[in-house]
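Hi,

Here is the model I promised to pass on.

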Amino acid sequence: METSLLDDVHYVSDLGDFIVPATLRVVSDLRIADHLRDGPRKVTELAELTGAHPRALLRALRVLAARGIFRETDPENFELTRRAQLLRGDHPFSLRDGLTLLSCDVEAFARFDHSVRTNEASFDHVHGEGYWEWMSRHPDESARFDATQQGATRLELRASFAAYDWSELGSIADIGGGNGAFLAGLLSRYRSLKGCLFDLPHVVEGAPRILDKAGVTERCEIRGGSFFEAVPAGYDAYLMKRILYSWPDDKVRAVLRTVRAAMREDSRMLLIEPMETPGNAREPGKVYDLLMLALGGGSARSEDHLAALFDEAGLRLERVVPTLMYPIVEARPR
């Protein structure tokens, strides 16, 4: 077989593989990279530290080493590679927590064909209820989901600080803000800013620890509720980070109207989420678009699509601010 054709076979096979991604996520959950921070270790030692089976862990690490994640320096002895450093929890661009393997997601993607055929969430098809309803009944998995978001949140904070002037704001409500990690980062950076964290009651239960660790508790109110019903009123800005793309248009209209009702005439709405982009460029938003299709029936939207949804809710799209992560979309009352 010609070399170029063989390379293509390997490339397409790798794209279609689910074994290596699952292995990477399991090894990440085991915190293997953290245990290798100070240098190489034998598999038997790593297995003892993590509760893994030595032989099974060896097989997993060899698969990842063949992809440039970890290096077998001597038989059954492994060290970090440059790429494996990203799996350390203390790396400034750590991907570790974002790679947690959530079985409910895997089960949904096992029937992703349903989503492609119907444009509906395979999660609902498999589990018999929506993603957030399922999470509300499985608090341990909900906490693990929150942890997966923190890696992306760190990157989004860095990107947004460089792109947007948050110092213009005196107060901000983070709608659907999870455990408060993003808001805590904002309040830590801008000491005069006051905040309100708003999400479902079981979601915000973990927020006090996050806010206290950041030293911003006194400047942040925590409120539990549904953004389909009502949100706290009177803030300078209403932030929704990776929220709307989780939902189909009818639900998005409902959320936008609820938030618009709480806004002052001089308030602004800020969305941070992937947008639909045509073409062949590799962008994380394209992958997230499929993730949202499978898990919630939502999608990334174009600027024109968002503008039309804003208009129906009594808002006008002011500008789209590009960042190194996802764009910041600013809207104001019209």
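E265 counts as exposed because its relative accessibility is 56%, where exposed means over 50% relative accessible area, buried under 20% and partly exposed in between (1.4 Å probe, protein chains only).

Before I go on, a word on the ground rules. This is a predicted model, so local features need pLDDT of at least 70 and side-chain atom pairs count only at pLDDT 80 or more, while totals for chains, interfaces and linings use all residues. Residues are numbered from 1 along each chain as its sequence is written, and side-chain values use heavy atoms, with hydrogens and water left out.

Back to the charges. The whole structure holds 28 salt bridges. One of them is between R67 and D14, whose closest N and O atoms are 3.4 Å apart. R67 sits in the loop between helix 5 (54-65) and strand 2, and D14 in helix 1, so the pair ties together parts that are 53 residues apart in sequence. (Helices, H or I with at least four residues, and strands, E with at least two, are DSSP runs numbered from the N terminus.) Both ends are partly exposed: R67 has a relative accessible area of 38%, and D14 has 43%.

R242 and E156 also meet in a salt bridge, at 2.6 Å from N to O. This pair links distant parts of the chain, with R242 in the loop between strand 7 and helix 14 and E156 in helix 10 (residues 139-163), 86 residues apart. Here R242 is buried, at a relative accessible area of 8%, and E156 is buried as well, at 2%.

Which residues does Y326 contact, leaving aside its neighbours within four places in sequence? The list has E156 and R242 in it, along with I272, E273, P274, P284, G285 and Y288; contact means heavy atoms within 4.5 Å. Y326 lies in the loop between strand 9 and strand 10, and counts as buried because its relative accessible area is 5%. From Y326 to R260 it is 66 residues in sequence and 23 Å in space, C-alpha to C-alpha.

Now the nonpolar cores, meaning sets of buried Ala, Val, Leu, Ile, Met, Phe, Trp, Tyr and Cys residues joined through side-chain atoms within 4.5 Å. The largest has 29 residues, and Y238, M240, L256, M269 and F310 touch the most other members. At least two residues of this core come from each of strand 4 (171-175), strand 5 (194-199), strand 7 (237-241), helix 14 (249-262), strand 8 (268-272), helix 16 (303-312), strand 9 (315-321) and strand 10 (328-333). Helix 14 gives the most, with five residues. Apart from this core lies another of 28 residues, among them Y164, A181, A184 and L193. As for F310, residues up to four places away in sequence not counted, it touches L256, M269, L271, L315, L317, V329 and A331.

Three strands form an open antiparallel sheet in the order 1-3-2, and strands count as paired if DSSP finds at least two bridges between them. Strand 1 (41-42) and strand 2 are the edge strands, each pairing on one side only. Strand 1 is joined to strand 3 by two bridges, with F78 in strand 3 as the bridge partner of R41. Strand 2 (residues 71-74) and strand 3 (residues 77-79) pair over three bridges, and D74 has N77 as its bridge partner. These two strands make a hairpin with two residues between them, and E76 in the turn has a positive phi of about 65°.

Last, the start of the chain. L6 lies in helix 1 (residues 3-16) and counts as partly exposed because its relative accessibility is 36%. T23, in helix 2 (residues 19-29), counts as buried because its relative accessibility is 16%. Among the contacts of T23, residues up to four places away not counted, are A60 and L64.

Cheers

Conventions
Salt bridge = Lys/Arg side-chain N within 4 Å of Asp/Glu carboxyl O.
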